[in-house]
Amino acid sequence: MNEKIEKSDREWRDTLTPEQYRITRQKGTEPAFTGKYADHHADGVYNCVCCGAPLFDSKDKYDSGSGWPSFTRPIDGGRVDSGADLSHGMRRTEVTCAACDAHLGHVFDDGPGPEGARFCINSAALEFDTGEIGE
Ligand code: FE
């Protein structure tokens with residue numbers, strides 16, 4: 001049912017900016033406090049920059065002080081995958097878009113919500129949408 005969106009490396013390079021490509025397709029990280037959504041507080045939905053899938057809701061966004069957009073949970077019905085990431089000598093949990101495998105960021109267990117999760121996401125992996133007609 002939920003078909004994967006698969007594109008060639010060439011296609012991703014053609015549709016993404018170099019920074020978006022580096023982060024989402026090469027598991028990169030933007031420097032803290034530099035991303036366009038780190039200090040962004042409008043109401044709306046954050047979609048996957050690669051495939052447009054809705055991933056996070058602004059109501060779950062909070063200021064973690066980390067310098068990256070931070071969320072307590074994925075959006076209702078959203079499809080965010082996670083898996084072990086042992087790169088860079090750390091034991092972390094990587095977060096990806098389930099639809100297209102875009103690298104989004106990592107999830108940590110020091111969040112403020114009841115689930116205790118802190119989704120630490122790169123702005124460059126997201127495209128904000130207010131959901132208003134004409135936007
Ligand atoms: Fe995606």
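Visitor: Is Cys100 buried or exposed?
Guide: Cys100 counts as buried, at 1% relative accessibility. Buried means under 20% relative accessible area, exposed over 50% and partly exposed in between, with a 1.4 Å probe and protein chains only. This is a predicted model, where local features need pLDDT of at least 70 and side-chain atom pairs pLDDT 80 or more, while totals for chains, interfaces and linings use all residues. Residues are numbered from 1 along each chain as its sequence is written, and side-chain values use heavy atoms, without hydrogens and water.

Visitor: And Cys51?
Guide: Cys51 is partly exposed, at 24%.

Visitor: Which residues are the protein donors of the iron ion?
Guide: Cys48, Cys51, Cys97 and Cys100, each through SG, at 2.3 to 2.4 Å. Donors are N, O and S atoms within 2.8 Å of the metal (3.2 Å for Na, K and Ca); water is not among the atoms, so sites may look incomplete. Their spacing along the chain is C-x2-C-x45-C-x2-C.

Visitor: What does the pair Cys51 and Cys100 tie together?
Guide: Cys51 is in the loop between S1 (45–48) and S2 (54–57), and Cys100 in the loop between S6 and S7, so the pair links parts 49 residues apart in sequence. Strands here are DSSP runs of E, at least two residues, numbered from the N terminus.

Visitor: Switching topic: what is the strand order in the open sheet?
Guide: S3-S4-S8-S7-S6-S5, six strands with antiparallel pairing. Strands pair if DSSP finds at least two bridges between them.

Visitor: How many bridges join S6 to S7?
Guide: Four, between residues 92–97 and 103–108. Glu94 stands opposite His106 in S7.
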